[in-house]
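Thanks for asking me to look this one over. Here are my notes, written so that you can follow along with the model open.

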Amino acid sequence: MKNIILIGMMGCGKTTCGRLLARRLGRELVDTDALIVEREGRSIPDIFAQSGEDYFRAREVEAAGELARREGLIVACGGGLPLRPAAMDPLRETGTVIFLARDPGETYDAESMAGRPLAQDGRAAFLARFRQREPVYRAAAHHTVTNFSDPETTVQTILEVLDI
């Protein structure tokens, strides 16, 4: 059974939708950020501050490779993971990638950005980061979802896209 891989900007709903998808499909949810935090025994802001972004990205590549070797998972990827082909390619080859293309302004305004090291420079920087990442997300995705009226509706849209 192929994995379902959720990608998109930080705060777009990958973990929330992933949790609902996992419950609906009876699958395990693995959030790559949470997996790294658990393994490192420290928060993402602490990892960035103490070891740097490159160190964190290397942990993402390791986690992605491990998850790609498993089956039947729902994987909620950190927002920057798709930027690293070494992380994204194995997941894409062994799963179906869904880009949650939520409006970045809505995401920034609606979600707490505390604890997100790469969202600390304000709304304009967040929107610019989305514009930089969006083409990568679209290229990595097998499908794109734009329906974000509420998490349940988003999950239903994902299920329809996947024909499940």
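The points below go through the sheet, the cysteines, the annotated positions and the salt bridges.

1. **What we are looking at.** This is a predicted model, in which local features need pLDDT of at least 70 and side-chain atom pairs count only at pLDDT 80 or more, while totals for chains, interfaces and linings use all residues. Residues are numbered from 1 along each chain as its sequence is written, and side-chain values use heavy atoms, with hydrogens and water left out.

2. **The sheet.** Five strands form an open sheet in the order S2-S3-S1-S4-S5, and the pairing is parallel. Strands S2 (28-31) and S5 (143-145) stand at the edges with a single partner strand each, so one side of each has no neighbour in the sheet. On average, neighbouring strands here are turned by 25° against each other, direction ignored. That angle is taken between axes, which are lines fitted to C-alpha atoms (for helices over the stretch in contact), with angles between N-to-C directions running from 0 to 180 degrees. Strands and helices are DSSP runs numbered from the N terminus (E, at least two residues, for strands; H or I, at least four, for helices), and two strands pair if DSSP finds at least two bridges between them.

3. **A pair inside the sheet.** Strand S1 (residues 3-7) runs parallel to strand S3 (residues 73-76), and three bridges connect them. If you want one to click on, leucine 6 has alanine 76 in S3 as its bridge partner.

4. **Cysteines.** How many disulfides does the rule count? The count is zero, a disulfide being a pair of cysteine sulfur atoms within 2.5 Å. For cysteine 17, the closest cysteine sulfur belongs to cysteine 12 and is 7.7 Å away, too far for a bond. Cysteine 77 is in no disulfide either, its nearest cysteine sulfur, again that of cysteine 12, being 10 Å away. Cysteine 17 is buried at 3% relative accessibility, and cysteine 77 is buried too, at 2%. Here buried means under 20% relative accessible area, exposed means over 50%, and partly exposed is in between (1.4 Å probe, protein chains only).

5. **One set of annotated positions.** An unreviewed UniProt entry lists Asp33, Arg57, Gly79 and Arg133 under "binding site". UniProt positions follow the numbering used here, with shortened feature names, and annotations may be inferred rather than shown by experiment. Glycine 79 sits in the loop between S3 and helix H5 (85-94) and is buried at 10% relative accessibility. Not counting residues up to four places away in sequence, glycine 79 touches Gly8, Met10, Lys14, Arg133 and Tyr137, where contact means heavy atoms within 4.5 Å. Arginine 133 belongs to helix H7 (residues 123-140) and is buried, at 4%.

6. **A second set.** The unreviewed entry in UniProt also gives "binding site" for Gly11, Cys12, Gly13, Lys14, Thr15, Thr16 and Arg116. Glycine 13 is in the loop between S1 and helix H1 (14-25) and counts as buried at 18%. Setting aside neighbours within four places in sequence, glycine 13 contacts Gly18 and Leu100. Threonine 16 is in helix H1 and is partly exposed, at 36%.

7. **Salt bridges across the chain.** Side chains of opposite charge can pair when their charged atoms come close. The count here is nine salt bridges, each needing a side-chain nitrogen of Lys or Arg within 4 Å of a carboxyl oxygen of Asp or Glu. Glutamate 152 and arginine 24 form one, with their closest N and O atoms 3.7 Å apart. Glutamate 28 and arginine 70 form another, at 2.8 Å from N to O. Here the link is between strand S2, which holds glutamate 28, and the loop between helix H4 (53-68) and S3, which holds arginine 70, 42 residues apart.

8. Arginine 138 pairs with glutamate 134, the closest N and O atoms being 3.0 Å apart. Both are in helix H7, four residues apart, about one turn of the helix. Arginine 138 is partly exposed at 41%, and so is glutamate 134, at 22%. Finally, salt bridges with shared partners join Glu53, Arg57 and Glu60 into one network.
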